[in-house]
Amino acid sequence: MGRSGMPAGEMPADGGGWPLQAIWIRGGSPLRGTVEIQGAKNSALKLMAAALLTAEPCVLENVPDIRDVRMMIEILTGLGAEVTREGDQLRIVARELGEETPVEPVREMRAGIQVMGPVVARRGRIRIFQPGGCSLGPRPIDFHLQGLRAMGAQVAEEFGFIRVEAERLRGTDIYLDFPSVGATENLMMAAVLAEGVTVIHNAAREPEIEDAQRFLNQCGARVSGAGTGVIRVEGVEGLRGGRYRVMPDRIETATFLLAGAAAGGDLALRPAPVYCLEAVLSKMTEIGVHWERPDRETLRVWGAGAVEEGYRPARVRALPYPGFPTDVQPPMTALLAMARGTSMVSDEVHSARFGYVGELRRMGADIWTDGRTAVVRGVKRLTGAQVAAADLRGGAALIVAALAAEGESLIEGATHLYRGYARLEERLAGVGARIARVEV
Ligand code: EPU
């Protein structure tokens, strides 16, 4: 039962209509049982954009019911697609496609920019709101635009909007200065309907890009190399519809793994994309977390929790895949804040991803940051406090900390967490956490 008197399960999954929501946690309860891992947010959002490449129906299975997916639905319908949800399935039909992208959802969610490649490829033009910086740093989209220009598109930035036009895109060689996930996906999708062959060099290698390649090829595209640093796309005249099951969320899996390591107990996560969690799992071993893989798609984490176990400190560098994921850096830092010794954490993907550290300090953490680096001096225990999440994974760090902390915490800004974690309180409560959604 939430403190507001309403069970968490009856509240809207995305916090809609509850402008000021917080998550209350009383730390110290071990987590025992099984958590079902949802479909990957960062794959589902891109596959939804990819569905705009065809006029035929596409069905995506295992799509999580989170705020970001709802915002992407708004973008797709704003562009003229019909989107219907039935259980965990989304049916997307983009028979006709407009060129004006709705402003509000793109302003709220940067991933909205991922419709650019598909819409230009299919419709020949798009106008989209220029996404700004965010709490992780400036996050420009220059690689996306340079790549589209190289493929022959005219790009104009005017009155806060970006206009991209191309009668038909032409295949070419593109080199990315940094293996940007979003630019790789946008350009790969743009290239699918281009004339000739596009080769993306220094492409991002994240597993979600392989998921996109599999879906696109199922619809008749000719993409190869996803998962490596060179992606080759042979343009085709058109795509068919398709049905595809989104891969499980590796970041959500890692978040629950860290929650289990912090709180202690015996937690199973399933279906877990174990094959793409190597960097996280090897750090778990290094610091002394007990984990195992009882079968191909299950991860189990157990033990007495961070306070009793006294994990070893570590050096963690967040890098593009297959390096340690930047999206796991904040909850990992929260765990290291309770280790026996001093850890060094750096983030070489996002320039300003330590905003949550000030909130961890309120809980007693001893962390010092300088630019992209944090020095984390482990303390014996954290104490509950009133803190605020300013972004999704920073919020996850606060959840991990609060589950292991002594006493009660109140995490404001819960809406950030609902962008990426479906039914978070309900699922954690289901494995024994003392947690509730509250109104503040
Ligand atoms: N960058 C540029 N120019 C560009 C594009 C990127 O300078 O044109 C820089 C960014 O500023 C950043 C770095 O390159 O410093 C990496 O950005 P990338 O493009 O790889 O990130 P993204 O595609 O915008 C996705 C995820 C993020 C995740 C990053 C890195 C989605 C919807 N988002 O963002 O996920 O952190 O890749 O892995 O897929 C999250 O889920 O919490 C999240 C932020």
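**Aromatic pairs and the ligand site**

Good morning. I begin with tyrosine 244, which counts as buried at 9% relative accessibility; buried means under 20% relative accessible area, exposed over 50%, and partly exposed in between, with a 1.4 Å probe and protein chains only.

The model is predicted, so local features need pLDDT of at least 70 and side-chain atom pairs count only at pLDDT 80 or more, while totals for chains, interfaces and linings use all residues. Residues are numbered from 1 along each chain as its sequence is written, and side-chain values use heavy atoms, leaving out hydrogens and water.

Let me turn to the aromatic rings. Rings of Phe, Tyr and Trp (its six-membered ring) pair if their centres lie within 6.5 Å; planes under 30 degrees apart are stacked, over 60 edge-to-face, and the rest tilted. By this rule there are 3 aromatic pairs. One of them is edge-to-face: phenylalanine 129 and phenylalanine 161, at 5.7 Å centre to centre with 80° between the planes. Phenylalanine 129 belongs to strand β6 (residues 125–129) and phenylalanine 161 to strand β8 (residues 161–165), so this pair ties together parts 32 residues apart in sequence. Helices (H or I, at least four residues) and strands (E, at least two) are DSSP runs, numbered from the N terminus. Phenylalanine 129 is buried, with a relative accessible area of 16%, and phenylalanine 161 is buried too, at 15%.

Tyrosine 244 returns here: with phenylalanine 215 it forms a tilted pair, 5.9 Å centre to centre and 50° between the planes. This pair links helix α7 (residues 207–218), which holds phenylalanine 215, to strand β13 (residues 242–245), which holds tyrosine 244, 29 residues apart. Phenylalanine 215 counts as buried, at 1% relative accessibility.

What surrounds the ligand? The shell has 22 residues, and the closest are Lys46, Asp142, Ser180, Asp327 and Val349; a residue is near if one of its heavy atoms lies within 4 Å. Domain 1 (22–37 + 248–437) and domain 2 (41–245) both give residues to this shell, so the ligand lies between them. The domain bounds come from an automatic or database domain assignment.

For polar contacts (pairs of N or O atoms within 3.5 Å; within protein, one must be able to donate a hydrogen and the other to accept it, and residues adjacent in sequence count only if both atoms are side-chain atoms), aspartate 327 has a side-chain N or O atom 2.6 Å from a ligand oxygen. For arginine 139 the corresponding distance is 2.9 Å.

Thank you.
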